[in-house]
Amino acid sequence: MVYKIDPEKDRHYIEEFRQKPIGAHSPGLQRLLNTMRHDPSGKQVVLVCKRPFEEWVLGMMPADRREPIAIEDGPVFTEIEEAEWEVFRRRWRLLTGESINRPLRD
């Protein structure tokens, strides 16, 4: 059985991820992330490194892996945590229909 995200039950993981987007996560958050990383359509929002350790942009992985990744024009992230947070926010919206309107840092 494939786990489905329940926005009501899983919403508390948003703050956990926001506080620590990189590193070890609780089992519940890891389960949520694993679910967010799998899209049955084959399409997936991904990070693309433009300059190692310096710049990242968002892209869309195509369903047909022989096709190129569609790179977005912007924004350009200079912190990997900010980039990971944006990927999380977009995947959450795609899977739940809800927007997360919070920056990584207050």
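A salt bridge is taken here as a side-chain nitrogen of Lys or Arg within 4 Å of a carboxyl oxygen of Asp or Glu. In this predicted model, the count by that rule comes to 15 salt bridges. One of them joins the side chains of Arg31 and Asp10, with an N to O distance of 3.2 Å. This pair connects distant parts of the chain, since Arg31 belongs to helix H3 (residues 27–36) and Asp10 to helix H1 (residues 7–10), 21 residues apart. Arg31 is partly exposed, at a relative accessible area of 32%, whereas Asp10 is buried, at 2%.

Further pairs include Arg51 with Glu54, whose side chains meet at 2.3 Å, N to O. Arg51 is partly exposed at 41% relative accessibility, and Glu54 is partly exposed at 38%. The side chains of Asp64 and Arg66 also form a salt bridge, at 3.0 Å from N to O. In this pair, Asp64 is partly exposed, with 29% relative accessibility, while Arg66 is exposed, with 74%.

Arg91 lies in helix H4 (residues 80–96). Arg91 is buried but takes part in no salt bridge. Leaving aside residues up to four places away in sequence, Arg91 is in contact with Met36, Arg37, Gln44, Val45 and Val46.

Terms used:
Residues numbered from 1 in each chain as written. Predicted model: local features only at pLDDT ≥ 70, side-chain atom pairs only at ≥ 80, totals over all residues. Heavy atoms only, no water. Helix = DSSP H or I, 4+ residues; strand = E, 2+ residues; numbered from the N terminus. Buried < 20%, exposed > 50% of the residue type's maximum accessible area, 1.4 Å probe, protein only. Lys, Arg positive; Asp, Glu negative; His and termini not counted. Contact = heavy atoms within 4.5 Å.
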